[in-house]
Structure formats: C-alpha cells, structure tokens
Amino acid sequence: MSLIVIGGSGGTNIADALFKAAIALNFDAVHHNTSLAYKAPWWIRKINWHLRGKYPSNLIAFNQKVVQTCRNSQIKLLLTTGIAPISQLALKQIGAMGIQRLNFLTDDPWNSAHYAPWFFQTLSHYDIIFSPRRANLDDLLKVGCQRVQYLPFGYDPDLFYPEDYLNPMQDEVVPDVVFAGGADNDRIAYMNLLIKAGIHLDLYGNYWEAYPETRSYTQGQADVQTLRRAIRRAKVALCLVRRANRDGHCMRSFEVPAVGACMLTEDTQEHREIFGEEGQAVIYFRTIPEMVEKTQWLLNHDAERQRLAQSVYTLITQGQHTYKDRLKTMLSLTEYLQ
C-alpha cells in the first residue's frame with residue numbers, strides 16, 4: 001500500500017521518523033518536504049508570514065505536486081504533520097480519490113506563535129486529527145474536525161539511544177543539569193534559580209544568549225548527535241513542558257529516557273500516565289523551588305540517579321513508544337489496518 005507523508009525534514013523532525021516507520025512497515029512511502037511550500041523571494045515570504053497569517057508563499061504549486069503524486073502513485077493514505085501547508089481544496093481533491101487524510105497535529109494551532117487562520121479552514125477536511133495534547137481535543141471538535149484522537153509523542157530509535165561520552169577532556173566538568181529547548185520567557189525563572197543555587201547548567205536551544213541570566217550557560221543550537229551526547233553525559237536531564245502550547249508532555253519526554261538519562265520532569269497528568277508514580281522511573285516537581293530542591297537531592301544520590309535512568313530507559317524503550325508504534329496506532333484507527 002502507498003502512503004504519502006507531508007512534513008519537514010532534518011534534525012528531530014517527526015515527519016522523517018514517520019516516513020522511516022512507513023518504510024519499515026513495508027509501505028510504498030513518499031515524503032514531500034513542506035519547506036517547498038514556503039519557497040519564494042524573501043520579501044514575498046515576509047509579507048505572507050507577517051501580514052497574511054503565516055501563509056505559505058508557494059502553497060498552490062506545492063499542493064498541485066502533492067495532488068499529482070497522490071493521483072499517479074495510487075496513494076491510499078495521506079499523513080501530514082503539524083500546521084501542514086495543504087489547502088482545503090487539495091484535501092477535497094485527495095479525499096475524492098478515496099484517500100484517507102490524517103494529520104498528526106504536533107503544534108497547538110491556538111498558540112500565538114503558530115496561529116495561522118488559513119490552517120483552521122483545512123481541519124474539517126481531515127478524516128482523523130491526532131493530537132499529542134489533550135488540551136486541544138475539545139477545541140478541535142468545536143472547529144469542525146470529523147474525528148479527534150489523543151496520541152502521545154514518541155521517539156526515533158535511530159536518533160535517540162544510549163551513547164557513552166567518549167574521550168572527554170581531562171579537565172572537563174560534567175554538567176549537573178542539562179536542558180534542551182527554546183528560551184521561552186516563563187522558563188528563565190527556572191534556570192535563574194538553578195544558577196543561583198550553584199548548579200552547573202548547560203542550556204541547548206535558541207535565544208538563551210538573549211537573557212543576561214543565562215547567556216554564559218548557553219551551548220547554542222545542537223545537532224542530534226551533540227544533543228544525544230549532552231543529555232547522556234549530564235547528571236540530570238530537566239524536562240519542561242511548553243505552556244504556550246498547553247503541553248502535558250513533549251518530545252523530550254520520550255527522547256530523554258531513550259538516551260538513558262536521569263530525568264527530572266514537570267508533574268502533569270500526561271507525565272503520570274507515561275511514567276507512573278514518582279520514584280518509579282522519574283522525579284516530578286510542581287514549583288520552581290521544588291525543582292531546585294529535588295535537583296540537589298538527585299545530585300547527592302548517585303545510585304538513585306543511576307537506578308532512575310535505567311528504569312525510565314526500560315519503561316520507554318520496551319513500552320512501544322517509537323514512531324513506528326505511533327504509526328501502527330494511527331493505522332489501527334483507519335480502514336487500512338495492516
């Protein structure tokens with residue numbers, strides 16, 4: 001059976017992982033990179049992004065290519081990821097071919113950073129919308145989605161796995177805590193208190209250098225290998241959800257355990273469902289002072305850190321949480337169950 005995946009490419013992009021999963025499940029799969037939908041002279045891109053609600057400048061040509069692929073390759077399933085640049089017209093044409101249309105909505109479309117009015121016009125034309133955040137489910141139904149299903153993030157085992165940090169410099173200091181993610185305004189207070197507590201912190205991601213409190217702790221944007229090694233090497237890996245996205249968990253909720261790190265994470269309903277009660281596999285916190293207190297406790301208990309790292313690694317890697325598993329779940333809810 002043929003399947004087309006529409007999404008970004010490179011780094012930890014979920015569309016790449018789902019495409020590889022489709023190949024592993026013996027699909028005749030193709031992948032169209034959504035970056036092509038935004039290709040245009042810079043000034044046109046700027047106008048469309050800022051004045052037309054993040055409108056894809058090359059949407060018509062990109063959609064024509066997708067529809068043509070669907071027609072010529074006898075596609076049976078369309079799977080898009082995130083705020084996908086597929087118009088309602090294209091989705092109608094694809095549906096008229098008898099193709100099931102799925103979207104894994106990796107972002108919260110009501111987050112002002114992602115808000116794109118044109119995308120909301122497409123939602124009712126998907127057969128199923130999968131969302132990794134329960135906070136979006138009712139909202140999606142209210143805007144006319146035919147069917148909505150909660151589906152957690154997962155991890156790509158080709159990218160996230162335990163890797164010993166080789167050949168460290170003799171005088172190199174192992175960080176107490178690592179955090180990988182963007183410098184959202186609400187996250188600065190977390191890092192600031194860790195720094196004030198004397199905890200050695202490494203920060204990976206965008207914009208940490210923009211804040212005086214965190215500037216000297218930023219390690220910049222990391223490629224996958226650097227990220228994997230940084231998480232594995234640190235004594236504690238901090239996991240924060242993104243409030244602007246109304247997250248109950250995030251991609252790191254699965255990627256950190258898959259690397260084999262000791263995890264300190266925000267206490268949410270979704271994290272409890274994934275990891276169980278505190279101490280089984282992870283340590284939870286609800287407030288910033290509690291985060292600092294539990295970080296210090298973990299730093300003083302080496303054996304417990306090692307036990308937690310092994311427990312959460314086993315839980316996630318043996319618990320059917322890869323993107324191949326997620327694709328199987330999607331398929332089980334369509335008429336094309338393999």
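This is a predicted model: local features need pLDDT of at least 70, side-chain atom pairs count only at pLDDT 80 or more; totals for chains, interfaces and linings use all residues.
Trainee: Why is histidine 32 called buried?

Mentor: Its relative accessible area is 11%, and buried means under 20%. Histidine 32 is therefore buried. The residue lies in strand E2, residues 28–33.

Trainee: Which residues does histidine 32 touch, leaving aside those up to four places away in sequence?

Mentor: Histidine 32 touches Ile4, Val5, Ile6, Gly7, Phe62, Lys65, Val66 and Thr69. Contact here means heavy atoms within 4.5 Å.

Trainee: How far is histidine 32 from arginine 242?

Mentor: The two are 210 residues apart in sequence, and their C-alpha atoms are 28 Å apart in space.

Trainee: What makes the phi of lysine 54 worth a remark?

Mentor: Most residues other than glycine have a negative phi. The phi of lysine 54 is near 60°, a positive value in a residue other than glycine. Lysine 54 sits in the loop between helix H2 (42–51) and helix H3 (59–72).

Trainee: Is lysine 54 buried or exposed?

Mentor: Buried, because its relative accessible area is 15% and the cut-off is under 20%.

Trainee: And tyrosine 207, buried or exposed?

Mentor: Tyrosine 207 has 54% relative accessibility, and exposed means over 50%, so tyrosine 207 counts as exposed. Its phi is near 80°, again a positive value in a residue other than glycine. Tyrosine 207 is placed in the loop between E8 and helix H8 (224–233).

Trainee: What makes E4 and E5 paired strands?

Mentor: Pairing takes at least two bridges. Three bridges join strand E4 (residues 100–104) to E5, and the two run parallel. As one example, asparagine 103 has isoleucine 129 in E5 as its bridge partner.

Trainee: How many bridges join E5 to strand E6?

Mentor: Three bridges join E5 to E6 (residues 148–150), in a parallel arrangement. Serine 131 is opposite tyrosine 150 in E6.

Trainee: Which way do the residues of E5 point?

Mentor: In strand E5 (residues 128–131), Ile128 and Phe130 point one way, Ile129 and Ser131 point the other way, and all are buried.

Trainee: What is the strand order in the five-stranded open sheet?

Mentor: The order is E8-E7-E9-E10-E11, with parallel pairing. Strand E8 (201–204) and strand E11 (283–285) are at the edges.

Trainee: Why are E8 and E11 edge strands?

Mentor: Each has a single partner strand, so one side of each has no neighbour in the sheet. From one strand to the next, the twist averages 25°.

Trainee: How do you know that E7 pairs with E8?

Mentor: At least two bridges are required, and E7 and E8 are joined by four, running parallel. Valine 177 of this pair faces leucine 201 in E8. Both faces of E7 are covered: Val177 and Phe179 on one side, and Val178 and Ala180 on the other, are all buried.

Trainee: What joins E10 to E11?

Mentor: Three bridges join strand E10 (residues 263–266) to E11, and the strands run parallel. Glutamate 266 is opposite phenylalanine 285 in E11.

Trainee: Which helix packs on the sheet, touching E7, E9 and E10?

Mentor: Helix H9 (residues 252–259) touches strand E7 (177–180), strand E9 (236–239) and E10, and its direction makes about 170° with that of E10.

Trainee: Why are helices H7 and H11 called oblique?

Mentor: The axes of H7 (residues 188–196) and H11 (residues 288–299) come within 10 Å and cross at roughly 40°. Roughly parallel needs an angle under 35 degrees, and roughly perpendicular runs from 65 to 115. H7 and H11 are therefore oblique to each other. Their crossing is right-handed.

Trainee: Which residues meet there?

Mentor: Ala189, Tyr190, Leu193 and Leu194 in H7 meet Ile288, Pro289, Met291, Val292 and Thr295 in H11. The contact has eight nonpolar residues, one polar and no charged.

Trainee: What makes H11 roughly perpendicular to H12?

Mentor: H11 and helix H12 (residues 302–317) pack at an angle of about 100°, with axes 6 Å apart. The range for roughly perpendicular is 65 to 115 degrees, so H11 is roughly perpendicular to H12.

Trainee: Which residues form the contact of H11 with H12?

Mentor: Trp297, Leu298 and Leu299 in H11 meet Asp302, Glu304, Arg305 and Leu308 in H12. By class, four are nonpolar, none polar and three charged.

Definitions and conventions: Residues are numbered from 1 along each chain as its sequence is written. Side-chain values use heavy atoms; hydrogens and water are left out. Axes are lines fitted to C-alpha atoms, for helices over the stretch in contact, and angles run from 0 to 180 degrees between N-to-C directions. Angles under 35 degrees count as roughly parallel, over 145 as roughly antiparallel, 65 to 115 as roughly perpendicular and the rest as oblique. A crossing is left-handed if the near helix is turned anticlockwise from the far one by less than a right angle, and right-handed if clockwise. Ala, Val, Leu, Ile, Met, Phe, Trp, Tyr, Cys and Pro count as nonpolar, Asp, Glu, Lys and Arg as charged, and the others, Gly among them, as polar. Buried means under 20% relative accessible area, exposed over 50%, partly exposed in between (1.4 Å probe, protein chains only).
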